Amino acid sequence: MMNSLKTNNQIEEMRIEADQVCVDYNGTVALYDASLRLKSGCICGLVGMNGAGKSTFFKALMGFVRPSRGIIRINGLEVPKAQRNQAVAYVPQNEGIDCSFPTSVWDVVMMGRYGSMNFLRIPSASDRKAVWHALERVELIDLRKRPIGTLSGGQRKRAFLARAIAQRASVLLLDEPFTGVDVRTEKLMSELFIQFRNEGRTILISTHDLSHVRDFCDLVVLINKTVLAYGETSEIFTDENLTRTFGGMPPDLLSGPTSSESLS
Amino acid sequence: MISLLSSASPISWLLDPLSHDFMRRALMVSALVGGVCGLLSCYMTLKGWALMGDAVSHAVMPGVVVAYALGLPFSIGAFVFGVGSVALIGFVKQKSRVKEDTVIGLVFTGFFALGLVLVSKIRSNIDLMHILFGSPLGISGSDVNQTLIISGLVTVILLLFRRDLMLYCFDATHARSIGINTGLLHYLLLSLLSLAAVAGLQTVGIILVVAMLITPGATAYLLTDRFDRMNVLAILSSSISSIIGVYLSYWFDIETGGSIVLVQTLIFLVAFLFAPRYGILKSNSSIAS
């Protein structure tokens, strides 16, 4: 697994490079001068209030919005090219998915393989092996035939994580991964994230849940329309920075895991 | 067309109509169109495009009229106006602050009104009633050919792109993030919708064609949690209700389009009440699973 991700040995591998990225929607600035460089093998928290530009930044990383200025590279490539290499996986929030869609856990994880399949998307033996392996890692192998709608929130989250694993993406973008998951899933996910880091993947976690960021993110990016600060979590998580990030609110937010939701 | 039912045995009920050329043709076309629309209806219902289906099917009206007036195959005119209406909906939505469902309602009624005006102005051999309500019993040879070509085309494209379209309906964000061209899939699905609307127009007419494009999918959706099985169930329920509808129309001298859609609606009602897992009268044991 590690070998498959290490493709470019000559230069030091930069998974994500964003240089002075600006995004605006019909004249409304959503993000300006956002710069960020993430190496292979790190877990990075993307922290900001609702509307601070977290999802815009994700969309820019996935090529859904075109920056009006600035450059984004993933694994040294332009975003569309990186996508065709299956480099980027997005793990959605539970609310973003139609849970009553008639599809099984196995089929959802198989969707992670589509980009590597032929035009008709007929799975090969190696695709099936990748799906099986991914389901084992998230401990859902026994539930593989279940309709996706019958899973709990945490199990569903693991299914989408398995899809990202099956895709063999080197960059994982996770949107609020800890919202509405059970203790078992939370523990499993944090273990998986550390394994991913050791495999050379880079994980970017969008959240306003500060306690989880402190627990296991190596790096943190504070965002409020632009990148206010980024670096080692211990250095960045200062009262002053957090006050700036959360628009002048007192930094005792740190004590409450979801307190920023009450702000928005 | 009507024979008294008293003397007929069940076998002759089924076989008598088949002695007529027009009935064989009507049954074949209705079953085929029903199957194609049924398959497409899975995508429409899962994508939440019921309103879009209604819009496109109404918007093809002026296209049909113009094509007839110019002596072109009506499907070409219908296709142009169907896709054109969708492009217009997208354009108005993007450029104004009006909400999408309002724009959809606005555009399709505008197109439909244009069609009505054109029909009244371009005096030709177009029968407004045939366009509005369908006339599978009176379908002409050239219309049969067009319907066969359209049905074949839609089926082949749906089969080739079925996995990508399913993914597009389920999770378009993921589809895009792995490099699939979702813009292409969007317009592909809309083009298929326009084509299927033209085909459905032959059997049930413009007003009711949206039923062909959503009811079978909705019925199948209540019966299964597997996409492939949903496809098969939608095709079967749609084809079978089309055949039953044509027979009922023959024996009881009732309007064919209405009869087909009514049978479809009744099948939905049965699923709504008695579907094993999702029917409202389901046994309590299935809740536990």
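Before the details, a word on conventions: residues are numbered from 1 along each chain as its sequence is written, while chains are lettered from A and ligands numbered from 1 in the order in which they are written. Because this is a predicted model, local features need pLDDT of at least 70 and side-chain atom pairs count only at pLDDT 80 or more, whereas totals for chains, interfaces and linings use all residues, and side-chain values use heavy atoms, with hydrogens and water left out.

Let me start with chain A, which has 10 helices and 10 strands, where helices (H or I, at least four residues) and strands (E, at least two) are DSSP runs numbered from the N terminus. Of the 264 residues in chain A, 54% are buried; here buried means under 20% relative accessible area, exposed means over 50%, and partly exposed lies in between, with a 1.4 Å probe and protein chains only. If we take the contacts in chain A between residues at least 6 apart in sequence, 67% of them join residues at least 24 apart, a contact being heavy atoms within 4.5 Å.

A second example in chain A is the salt bridge of Glu199(A) with Arg201(A), whose closest N and O atoms are 2.9 Å apart. Salt bridges that share partners join these two and Arg137(A) into one network. Glu199(A) is buried, with 11% relative accessibility, and Arg201(A) is buried as well, with 0%.

Which side chains meet in a salt bridge of 2.5 Å, N to O, with one partner in each chain? They are those of Arg121(A) and Asp164(B), and Arg121(A) lies in the loop between α4 (105–110) and α5 of chain A. Both partners count as buried, Arg121(A) at 12% relative accessibility and Asp164(B) at 6%. Besides Asp164(B), the residues that Arg121(A) touches include Tyr114(A), Arg163(B) and Ile180(B).

On the chain B side, the elements that give two or more residues are α9 (162–170), α10 (172–177) and α12 (227–252), with α9(B) giving the most, 6 residues.

The contact takes 24 residues from chain B and 27 from chain A. The area buried between them is about 2,400 Å², of which carbon and sulfur atoms give 63%; buried area is the accessible area (1.4 Å probe) that two parts lose on being put together, summed over both. In chain B, Phe170(B), Ser177(B) and Ile178(B) lose the most area to chain A, together 27% of what that side buries.

Conventions
Salt bridge = Lys/Arg side-chain N within 4 Å of Asp/Glu carboxyl O. Lists of a residue's contacts leave out its neighbours within four places in sequence.
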